Each structure stands twice: as structure tokens, then as C-alpha cells.
Amino acid sequence: MMKAKLILDGNTVATSIKDNLVGRIKRLSEKGIVPCLATILVGDDPSSATYVKMKGNACKRLGIESIRVELPSTTTTDELIDVINKLNNDPKVHGILLQHPVPHQIDERAAFEAIRIEKDVDGVTTLGFAQNAFGFADFPSCTPAAIIAILDYYNIPVEGKHAVVIGRSPILGKPVSAMLLNKNATVTTCHSRTTHLAEIVQLADIVVAAVGKPKFVQGDWIKPGAIVLDAGYNEGNVGDVDYDACMENASAITPVPAGVGPVTIATLLKHTVDAAEKFA
Ligand code: NAP
């Protein structure tokens, strides 16, 4: 059995993205501008609270301001949109992140759409999604952008490769499929109604797992030499890929934790700085 040659280390990629932001943040501060990310957390989901806290801490470490808005689980769509509009109109705020998922009574799409495109640093609006699909988004969704950043950092060729994406959510599976297509991969996007999933994954040169099911992708689904990117993050720090089994055949693989996750956060910080520079 072939052993994985390369562990795609998310911390290394994240550090290189963040290092590049230091000088840019300093130059902004000379103009009296501090990049600022507003995160909105609705309800008391503990994982979401942890993600929001991690994002806030990452901002602080780099000198990016973070505003944390916490709303009760009984918040209505209109109340949430009011909060988003206040942040839209606040010139100190450069990026707005509404933590997904929101409680069921809220129309999540309507709330996402309320975010002004200039502040849509996670590419959640229809316009942001469409711009990404066309290949000219300022802010593609952070996790898909992180997956592409990992491929770029490690100089992994994408053009002409068969990429199989498992998952089609609007913030992950669909935008990463579009981004891989824009990089001239041949892309197959799979989902819960896909038949013969294992056989399709077995054809992939690049596998992206974005399913939300721990250790879902099995070792014998991986073609020898394939690249495996695991966007999954499940309870107990487990990805969507059976890591030990998949690394037997893979030539390169992202671990969980320390794979896609830290690069996603670094990408969010980068988008916030990009937004602040555009504002300046
Ligand atoms: P999601 O909205 O629940 O979407 C899951 C996707 O997986 C759906 O498209 C679903 O298909 C598909 N799926 C479910 N069961 C399947 C099956 N048996 N076979 C094939 N496809 C199946 O999840 P998400 O928000 O995209 O997140 C996916 C994963 O990424 C989760 O583990 C999440 O925690 C993680 N994530 C990580 C980061 C990060 O920074 N690392 C950020 C965001 C999300 P249908 O469309 O047919 O339902």
C-alpha cells in the first residue's frame, strides 16, 4: 500500500496568509482605519459559540477589531435584519459574518441577503455566490477559498484533473465546485441522492469532503495518488474522511483538526482586511 506523501498542513497555510496581513493592517492603521469584523450569533448552539469565539480571538491576535453581537434564540427574522442593517450602516464595520445555522423560525436566506455586498466577507449573499461562480468575487465563501488556498500553497495542479466534491451546500459544496471548475478541473458534485457514490469517488484525482458526517469517506474509495481535502468538522475533532484509512491511498491529505479549519479563519481575516482596504 502506498503511504500518503504529504500532509497538507492548514496551520502552515494559515500562517502564510496571516503573515501577509500584518503590514497591510499597519498601513491601514496609519490612515486611522482598524479593520473590523462583526460576528452575529443567534441562539445558544455551543459549537457555533465556539466558532464565533475562535474567529474573535483570531482577529484580536492580528490587531483586527471584532464586534460580537449575541442575540437570543427567540429572535425573529425582522429583528435580525435590523441588526444587520445597523452593521451595514456602521462605517467602522468592514465585514459581517452571520454564524450558520440560525434558529428555525428565522428565514436564513433573507438574513444573509440583508448583508451589504461590500461587507459580505463570507460570500453568503446571492450576488456574492454568483460573482464567485463567474470567477470574479471579492469574497468567495471562506471554506471553499481555504480549500483552493491549500491547493495553491502546495502547488497542486488542478487543471484537467477530475475533482469530486461530496456535498452541495450553498456555502461549501456548490461554491468550491464552481471554484474548481474555474480552475479548469472536471468537477462532479455529489449529494445525498447520488447513486454509486463510492464508484464516483474512486475516479477522483481530487476529493473534497463536505458532508457533515464523521469519517464518511472510506479508505477504499480513494484512488491511489489522489489528493484528499476534508472540510468536515464534527464532534470530537473528527472530519468527514476516515483519515487513517484514506491516507493509505492518498498522495496528499488534510488532517482534522489543523487542516481546512485554520485556513478558513485566516481567509475570513484576509477578507476583512481586503474589505477595509476597499473602504479606505
Ligand atoms: P450541510 O449544509 O449539512 O451540507 C451537507 C451536504 O452533504 C449536503 O449537500 C448533503 O446533500 C450532502 N450529504 C449528506 N449526506 C450525504 C450522503 N450520504 N452522501 C452524499 N452526500 C451527502 O453542511 P455544510 O455546511 O456544507 O458543512 C459540511 C461539513 O463541513 C460539516 O462537517 C461542517 O462542520 C464542515 N464545515 C467546516 C468548515 C470549516 O471551516 N472547516 C466550515 C463550514 C462547514 P443534500 O444537499 O442532498 O442534502
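Tutor: A residue counts as buried under 20% relative accessible area, as exposed over 50%, and as partly exposed in between. Glu-118, at 44% relative accessibility, is therefore partly exposed. Please keep in mind that this is a predicted model.

Student: Which residue does Glu-118 meet in a salt bridge?

Tutor: The side chain of Glu-118 meets that of Arg-116, with 3.2 Å from N to O. Arg-116 is partly exposed as well, its relative accessible area being 36%.

Student: How many salt bridges does a search of the whole structure find, and where do Glu-113 and Arg-109 lie relative to one another?

Tutor: The search finds 11 salt bridges. Glu-113 and Arg-109 form one of them, their closest N and O atoms being 2.6 Å apart. These two residues are four apart in helix α4, which covers residues 108–113, so about one helical turn separates them. Glu-113 is partly exposed at 33% relative accessibility, and Arg-109 is partly exposed at 36%.

Student: Is Asp-274 buried or exposed, and which residues are linked with it in a network of salt bridges?

Tutor: Asp-274 is buried, because its relative accessible area is 14%. Its side chain meets that of Lys-270 in a salt bridge of 3.0 Å, N to O, and Lys-270 counts as partly exposed at 31% relative accessibility. The network links Asp-274 and Lys-270 with Arg-24 and Glu-277.

Student: How should I read the nonpolar interior?

Tutor: In soluble globular proteins, nonpolar side chains tend to be buried together. In this model the largest nonpolar core has 31 residues, of which Leu-180 and Leu-229 touch the most other members. At least two residues of this core are supplied by each of α1 (10–30), α6 (142–153), β5 (162–166), α7 (173–182), β7 (206–209), β8 (227–230) and α10 (260–279). Helix α6 gives the largest share, seven residues. Apart from this core lies another, of 20 residues, including Ile-40, Leu-71, Ile-96 and Ile-106.

Student: Which residues are in contact with Leu-180, leaving aside its neighbours within four places in sequence?

Tutor: With those neighbours set aside, Leu-180 is in contact with Ile-148, Leu-151, Val-158, Ala-163, Val-165, Ala-185, Val-187 and Val-208.

Student: Where is the place of Pro-144, and what is its relative accessible area?

Tutor: Pro-144 sits in helix α6, and it is buried, with a relative accessible area of 0%. Leaving aside neighbours within four places in sequence, Pro-144 is in contact with Ile-171, Leu-172, Pro-175, Val-176 and Met-179. Arg-68, by comparison, is 76 residues from Pro-144 in sequence and 24 Å from it in space, C-alpha to C-alpha.

Student: How may I judge the chain as a whole?

Tutor: The C-alpha trace spans about 55 × 45 × 35 Å along its principal axes, and the chain holds 10 helices and nine strands. Buried residues make up 51% of the 280 residues. Among contacts between residues at least 6 apart in sequence, 72% join residues at least 24 apart. The chain exposes about 12900 Å², of which carbon and sulfur atoms supply 54%.

Definitions and conventions. Residues are numbered from 1 along each chain as its sequence is written. This is a predicted model: local features need pLDDT of at least 70, side-chain atom pairs count only at pLDDT 80 or more; totals for chains, interfaces and linings use all residues. Side-chain values use heavy atoms; hydrogens and water are left out. A nonpolar core is a set of buried Ala, Val, Leu, Ile, Met, Phe, Trp, Tyr and Cys residues joined through side-chain atoms within 4.5 Å. Buried means under 20% relative accessible area, exposed over 50%, partly exposed in between (1.4 Å probe, protein chains only). Contact means heavy atoms within 4.5 Å. A salt bridge is a side-chain nitrogen of Lys or Arg within 4 Å of a carboxyl oxygen of Asp or Glu. Accessible areas come from the Shrake-Rupley method with a 1.4 Å probe; for residues, only the protein chains shown count as cover.
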